[in-house]
Amino acid sequence: MQTTSPATGAVPPARGQRRGGLTLIELLIVVVIIGMLVAMIAPALLGAFSTARDAAVINEIKQLESAVTAFKAVYGIEPPSRVIIYEAPAGWTGDTESRALIRRIWPQYDFTTAHHATNFNRDLTGDGDADDEIRLNAGEALVFFLGGVVNRSTGAAEGFAKNPARPFLSASTAASREGPFFEFDPARYVDLDSNFSTGSGAGNAVWGWREYRDNLPGQTKPYLYFSSREGRGYQTLTTAIDGTFVDVYRVFNPTSSTATPNAPGVGATFSSAYPAHKPQTFQIISPGVDGFYGKGGVFNPDKPLSWLADVGDYDNLTNFHGGRLKR
Ligand SMILES: [Ca+2]
Ligand SMILES: [Ca+2]
Ligand SMILES: [Ca+2]
């Protein structure tokens, strides 16, 4: 036995030296083992953190889906994802599509000047006039229809007035409300294209709306929302969102002969060979931790997203796939 006991008081110097050497080796071994353990555990821990964060976003997307369902329960249709709201009655006359969509939601909506000339109860932009147009796209439409009109002094979402002809009346004017349908965290509003507080152009200025981001660390980009228009088909985007996203996600078709179904371009046409995911309802898309949307288009769950040859898609979170798009 090499054991020594201080009690014996008879430890030879040689033994002490040898013991020191062993301790150094032991120390190195321990350091190496700890290093290996850290190397093994750290990715697992980081993975667990990111999985938990992803799960929180997926859960929030489910809550947004429920809010859309609640909106539909009141108004009969899901919120449109592309519509223009006109403060001035004249705007509606040249936009039959937007007018029809508003008519679907509020059949008694007053498009005339009758209540308009004497006050600004249609001043949705809060700039003191009633001649603007608010172009709602994707994430903006989600926030507008689930949150409702906004108190420009406090920033609070006020839902819509139950007044069937004037749903955009403020809460101070019309206390009886529908919504908001989702409890937005005020800290997570964003305005990707800077058109919520300022319009562009003189007179009939063009405005937009604010959007809403997920709670991933460092996230600056909002959820995207696209409606199938009650199963009548998603509209192909004519302008890329944030310079990249151009098409809703479509189902991979292994029998299609299309050469590059995974590389949509602006205005690309997809045949019925590539139906959209959620063809009857809507898509909600988080850009994930990388903050890039990618291009959308065909998603094949059996292949890694590098197959899409587009950085940014792989970590997206959606309401048609239970986690990151990357496998
Ligand atoms: Ca205005
Ligand atoms: Ca905006
Ligand atoms: Ca992404």
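Q: Where is Glu230 placed?

A: Glu230 lies in the loop between E8 and E9. Helices (H or I, at least four residues) and strands (E, at least two) are DSSP runs, numbered from the N terminus. The model is predicted: local features need pLDDT of at least 70, side-chain atom pairs count only at pLDDT 80 or more, and totals for chains, interfaces and linings use all residues. Residues are numbered from 1 along each chain as its sequence is written, and chains are lettered from A and ligands numbered from 1 in the order in which they are written.

Q: Which residue is joined to Pro180 by a cis peptide bond?

A: That residue is Gly179, and omega of the bond is about 5°. Pro180 belongs to the loop between strand E4 (177-178) and strand E5 (189-190).

Q: Is Ser194 buried or exposed?

A: A residue is buried if 20 or more other C-beta atoms lie within 10 Å of its own, exposed if 12 or fewer, and partly exposed in between, with C-beta atoms placed from the backbone. Ser194 has 9 other C-beta atoms within 10 Å, so it is exposed. Glu230 has 15 such atoms within 10 Å and is therefore partly exposed. Of the 327 residues of the protein, 34% count as buried.

Q: How is the pairing of strands read, and what is the order of the sheet that contains E1 and E2?

A: Strands of a sheet pair through backbone hydrogen bonds, either parallel or antiparallel. Two strands are counted as paired if DSSP finds at least two bridges between them. The protein has 4 helices and 12 strands. The order of this open sheet of 3 strands is E1-E2-E6, with mixed pairing. Strand E1 (82-86) and strand E6 (206-207) are its edge strands, each pairing on one side only. E1 and strand E2 (residues 133-137) run antiparallel and are joined by 5 bridges; Arg82 stands opposite Asn137 in E2. H4 packs on the sheet, where it touches E1 and E2, and its direction makes about 110° with that of E2. Such axes are lines fitted to C-alpha atoms, for helices over the stretch in contact, and angles run from 0 to 180 degrees between N-to-C directions.

Q: Which other strands pair, and in what sense?

A: Another open sheet of 3 strands has antiparallel pairing and the order E8-E10-E12. Its edge strands, strand E8 (224-227) and strand E12 (317-318), each pair on one side only. Strand E10 (residues 282-286) meets E12 over 2 bridges, and Ser286 has Leu317 as its bridge partner in E12. E9 and strand E11 (residues 296-299), in contrast, pair in the parallel sense over 4 bridges, with Tyr249 opposite Gly297 in E11. Strand E9 (residues 247-251) is mostly covered, as 4 of its 5 residues are buried.

Q: Why do the buried residues of H3 line one face of the helix?

A: In helix H3 (residues 96-105), the buried residues are Ser98, Leu101, Ile102 and Ile105. Seen down the axis of H3, these residues fall within an arc of 95°, so they line one face; the arc is that of the directions from the helix axis to the C-beta atoms. Thr96 and Ala100, on the other side of H3, are exposed. In H4, 9 of the 9 residues are buried, so H4 is largely enclosed by the rest of the structure.

Q: How many residues has the largest nonpolar core?

A: In soluble globular proteins, nonpolar side chains tend to be buried together. A nonpolar core is a set of buried Ala, Val, Leu, Ile, Met, Phe, Trp, Tyr and Cys residues joined through C-beta atoms within 7 Å. The largest one here has 53 residues, and Ala141, Leu142, Leu146, Leu224 and Tyr225 have the most contacts inside it. Helix H4 (residues 139-147) gives the most to this core, with 6 residues. At least three residues come from each of domain 1 (82-212) and domain 2 (215-318), bounds that come from an automatic or database domain assignment.

Q: Which residues does Leu224 touch?

A: Two residues are in contact if their C-beta atoms, placed from the backbone, lie within 7 Å. Not counting residues up to four places away in sequence, Leu224 touches Ala138, Gly139, Ile241, Phe245, Ile285 and Tyr293.
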